[in-house]
Amino acid sequence: MPSTMARCPNCVTLTLVETRTARQAVLQCDHCRGVWFEDGALNRAIAHKHEHIDEYDHEEHLGAKIGKGDRLCRRCDSAMERYHLLKHYEVEVDCCPSCDGVWLDRHEVTEVMQSPQLKDALATLNRSTSWRSWAFQLLTQMPVEFNLKAHRTPWVTYGIIVLCSLLFIAGQVVPGLEMPLYAWLGFNSDAPSWLQPFQLVTHQFMHGSWMHLLGNMYFLWLVGDNIEDALGHWRYLMLYLVSGIAAALAEWLFFDASGGPLLMVGASGSIAALFGVYMIWFRYASLTMMIVVFQIKLAPHWYFLFWSGFNIVGMLIGDTGVAYWAHLGGFLFGLVVGLTSKSRIMEQNLLMKLLNQPEIRVQRSSR
Ligand SMILES: [Zn+2]
Ligand SMILES: [Zn+2]
């Protein structure tokens, strides 16, 4: 390490000290904890951090040049230039145009070290809609999701889809089974009290029609895989079951029993809670909406705002046959779960945490 490179570009008068990490020595400021990388050292550090990367050139991926900052390179006394870390990730890094050294403030180190993943993630999130996604939504009226692929296979999501489908098909094909299935497994406010706790769980796996089943299973598949990936299988299963119970209780609480007992089936309440969680944890994802024949990408909070709006309107005009309170109650429950657990989940999923930073620029309008 050169002895001339002594002072911190940030604190100016303070001296950088050599700190040994696993592989190499870096110069760090004891006061502000910023780190100085000599020419090429940052690329080696990033490549070392990622097993699948042999060589990395961070300069190749820098975003917009913001201009000269007021910091001086303490190696060659040139004014350092500020750049966005990536085109759509606006963390600002200081680069010396003369000696190619890089200065990272303490809070930037994690983002810069993870920049290869951030770059790949942004490429996925920022894709434009295609003619295929357009045709799919035109035909099905279902949204298309833009989010990262889950690392874990979503076994619980698949399991719920299989169980719901089998129960529905069994009711359709086995003569005389449909009514007893609904009577025992659906939620019935007139059922004996010893049976109701059981029905609060089982009604989440029963559906009333093909459209009801297909619509719910599509949405479950859409948002469930990412949530299961973030939470892990068992915690996700608990979330699904508890959400369905909370949603059913919300419906029961507000149900007008003068027109007969409450009979409720469907995964909608549990899925509505997953919507709430998804909106809080995956604000960098997009869901498409079709306006006449124009497909647009929406941030999850806009998408679910429209979805909530449809439910509130449906409830106000008194459209029966849909458990609006279960939808809205489940959604609120999911928002609360999402908010209260957000910081813990982000600590456990570094990439999610970085993608939730305000410096991200997700592209949603077509360019
Ligand atoms: Zn300093
Ligand atoms: Zn320099």
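Biologist: Hi! Which domains is the protein divided into?

Modeller: Hello! This is a predicted model, and the protein in it is divided into domain 1, residues 16-113, and domain 2, residues 126-355.

Biologist: How far apart do the C-alpha centres of domain 1 and domain 2 lie?

Modeller: Those two centres are 44 Å apart.

Biologist: And the largest nonpolar core, how many residues does it have?

Modeller: That core has 85 residues. Those with the most contacts inside it include Val93, Ile227, Ala247 and Tyr278.

Biologist: Which domains does this core draw on?

Modeller: The core takes at least three residues from each of domain 1 and domain 2.

Biologist: Which helix gives the most to this core?

Modeller: Helix α11, residues 268-281, does, with 10 residues.

Biologist: Let's pick one core residue. What does Ile227 touch?

Modeller: Leaving out residues up to four places away in sequence, Ile227 touches Tyr236, Leu274, Val277 and Tyr278. Leu274 and Tyr278 are also listed among the residues with the most contacts inside the core.

Biologist: New topic: helix α1. Which of its residues are buried?

Modeller: In α1, which covers residues 41-49, the buried ones are Leu42, Ala45 and Ile46. They span an arc of only 95° around the axis, so they sit on the same side of α1.

Biologist: Why would residues three or four places apart point the same way?

Modeller: An α-helix has 3.6 residues a turn, so residues with that spacing end up pointing the same way.

Biologist: Now the sheets. In what order do β8, β11 and β12 come?

Modeller: The order is β8-β11-β12, in an open sheet with antiparallel pairing. β8 (145-146) and β12 (294-298) are at the edges with a single partner strand each, so one side of each has no neighbour in the sheet.

Biologist: How many bridges join β11 to β12?

Modeller: Five, with strand β11 covering residues 286-291. Met290 is opposite Gln295 in β12, and Met289 has Ile296 as its bridge partner.

Biologist: What about the turn of that hairpin?

Modeller: Two residues lie between β11 and β12, and Val292 in the turn has a positive phi of about 55°.

Biologist: And over how many bridges do β8 and β11 pair?

Modeller: They pair over two bridges, in the antiparallel sense. Phe146 has Ser286 in β11 as its bridge partner.

Biologist: Last one: how do β4 and β5 pair, parallel or antiparallel?

Modeller: Antiparallel, over four bridges, with β4 at residues 65-72 and β5 at residues 79-86. Gly67 is opposite Arg82 in β5. Six residues separate the two strands of this hairpin, and Asp77 in the turn has a positive phi of about 60°.

Biologist: Which strand do five bridges join to β5?

Modeller: That is β6, residues 89-95, running antiparallel to β5. His84 stands opposite Glu92 in β6, and the hairpin of β5 and β6 has two residues between its strands.

Notes
Residues are numbered from 1 along each chain as its sequence is written. Chains are lettered from A and ligands numbered from 1 in the order in which they are written. This is a predicted model: local features need pLDDT of at least 70, side-chain atom pairs count only at pLDDT 80 or more; totals for chains, interfaces and linings use all residues. A residue is buried if 20 or more other C-beta atoms lie within 10 Å of its own, exposed if 12 or fewer, and partly exposed in between; C-beta atoms are placed from the backbone. The arc is that of the directions from the helix axis to the C-beta atoms. Two strands pair if DSSP finds at least two bridges between them. A nonpolar core is a set of buried Ala, Val, Leu, Ile, Met, Phe, Trp, Tyr and Cys residues joined through C-beta atoms within 7 Å. Domain bounds come from an automatic or database domain assignment. Two residues are in contact if their C-beta atoms, placed from the backbone, lie within 7 Å.
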